[in-house]
Amino acid sequence: MSSVVYKNTVKAIGKYVPEKLQPLWNHPAGPQTIFFWAPAVKWGLVIAGLGDLSRPADKISIGQSTSLAMTGVIWTRYSLAITPKNWSLFSVNFFVACTALYQIARAIKYQQEQTALAEKSTNSGSSSTSSSS
């Protein structure tokens, strides 16, 4: 039932698509297919990742960011292995991977800074104790 409604809707819309856009409209990975809409919706992950750039580094989940990065890398590769090549899927997954990898780098840098601060305070605390003796 829903596929009939979808097909009729696409057919009706197709009549109004300008001639210049017909190659995109009729492309095997065009707007008439899931190959178009899945990457289009997935841009929400990229937007969320960019929004998280303002998040404090101590609130970043390295595990979650690693999962996103790996998903982005895997699907970036897959988008070039399938026929037809899906450049929209490639680009969205490339940016998902990039934003996640950047978040991982921020979190690791923060953890290293915290470790260095802890070591510095431990070393300065022990040197002041030994000088007062």
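In this predicted model, Glu113 is partly exposed, with a relative accessible area of 39%. The side chain of Glu113 meets that of Lys109 in a salt bridge, at 4.0 Å from N to O, and the count of salt bridges comes to two.

**Salt bridges**
- Side chains of opposite charge can pair when their charged atoms come close.
- Lys109 and Glu113 are separated by about one helical turn, because they stand four residues apart in helix α5.
- A salt bridge also joins the side chains of Arg55 and Asp52, with a distance of 3.6 Å from N to O.
- Arg55 counts as partly exposed at 37% relative accessibility, and Asp52 is likewise partly exposed, with a relative accessible area of 27%.

**Largest pocket**
- The largest pocket has a volume of about 270 Å³, and its lining is made up of 16 residues, of which Gly49, Asp52, Gln64, Ser65 and Leu68 lie nearest the centre.
- The elements that contribute two or more residues to this lining are α3, α4 (62-81) and α5 (87-131).
- By residue type, the lining of the largest pocket divides into seven nonpolar, six polar and three charged residues.

**Nonpolar surface patch**
- Tyr6, Ile34, Phe35 and Trp37 make a nonpolar surface patch of about 430 Å².
- Helix α3, which covers residues 34-51, gives the most to this patch, with three residues.
- Phe35 lies in helix α3 and, at 40% relative accessibility, counts as partly exposed.

Conventions:
Residues numbered from 1 in each chain as written. Predicted model: local features only at pLDDT ≥ 70, side-chain atom pairs only at ≥ 80, totals over all residues. Heavy atoms only, no water. Patch = residues over 30% accessible without salt bridge, like charges linked within 9 Å, V, L, I, M, F, W, Y side chains within 5 Å. Areas by Shrake-Rupley, 256 points an atom, 1.4 Å probe, with all protein chains shown as cover. Buried < 20%, exposed > 50% of the residue type's maximum accessible area, 1.4 Å probe, protein only. 1 Å grid on protein atoms, 1.4 Å probe; cavity = no way out; pocket = protein on both sides within 12 Å on 5 of 7 lines; lining within 4 Å. Points joined across faces, edges and corners; volume = space filled by probe spheres on them. Nonpolar A, V, L, I, M, F, W, Y, C, P; charged D, E, K, R; others polar.
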